[in-house]
Amino acid sequence: MREPVRVGQRASIRKTITEADVVLFGCVTGDMNPLHTDDLAARDSRFGKRIAHGMLGAGLISAVLGMQMPGPGTIYIKQTLNFRKPIFINDTVTTTVEVKEIRQDKPIATLRTTITNQDGELVLEGESLVLLP
């Protein structure tokens, strides 16, 4: 039987974002924005090179929630996202989820969600509200 989550508990995953990740995400979602898919267009952008889809980062939060903590059976209720910096192809990002609060009347938890890059820079932060398994 799985241990119940507790306030302060954390889980993380680390992943290097590849060309294939960006291409596949674009194909699955239909988001083929040139900032993600076209080297020449992206070079002339404010970022100077291609960036990963912001929602690809958000998907990494979902992976932590559904697979690690709280784990299988977790149901998303709400997610806020604040995009602080771009994620570039070949960046290695760490996605962390931390339990902030657990309701006493229902199996619902509020979780702090963050993604940092290999330089320790915060690229995405937010908050999840989930129904615990």
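The largest nonpolar core of this predicted model has 24 residues, and I17, I87, V97 and I115 touch the most other members. A nonpolar core here is a set of buried Ala, Val, Leu, Ile, Met, Phe, Trp, Tyr and Cys residues joined through side-chain atoms within 4.5 Å, where buried means under 20% relative accessible area with a 1.4 Å probe, protein chains only.

The largest share, five residues, comes from α4. Helices (H or I, at least four residues) and strands (E, at least two) are DSSP runs, numbered from the N terminus.

What does I87 contact, leaving aside its neighbours within four places in sequence? I87 is in contact with I17, I51, A52, G57, V93, I115 and V123, with contact meaning heavy atoms within 4.5 Å.

Now for the whole protein chain. Its four helices and five strands follow the order β-α-α-α-α-β-β-β-β from the N terminus. Of its 133 residues, 38% count as buried. The C-alpha trace spans about 55 × 30 × 20 Å along its principal axes.

A few notes on reading these values: residues are numbered from 1 along each chain as its sequence is written. Local features need pLDDT of at least 70, side-chain atom pairs count only at pLDDT 80 or more, totals for chains, interfaces and linings use all residues, and side-chain values use heavy atoms, leaving out hydrogens and water.

Notes. Buried < 20%, exposed > 50% of the residue type's maximum accessible area, 1.4 Å probe, protein only.
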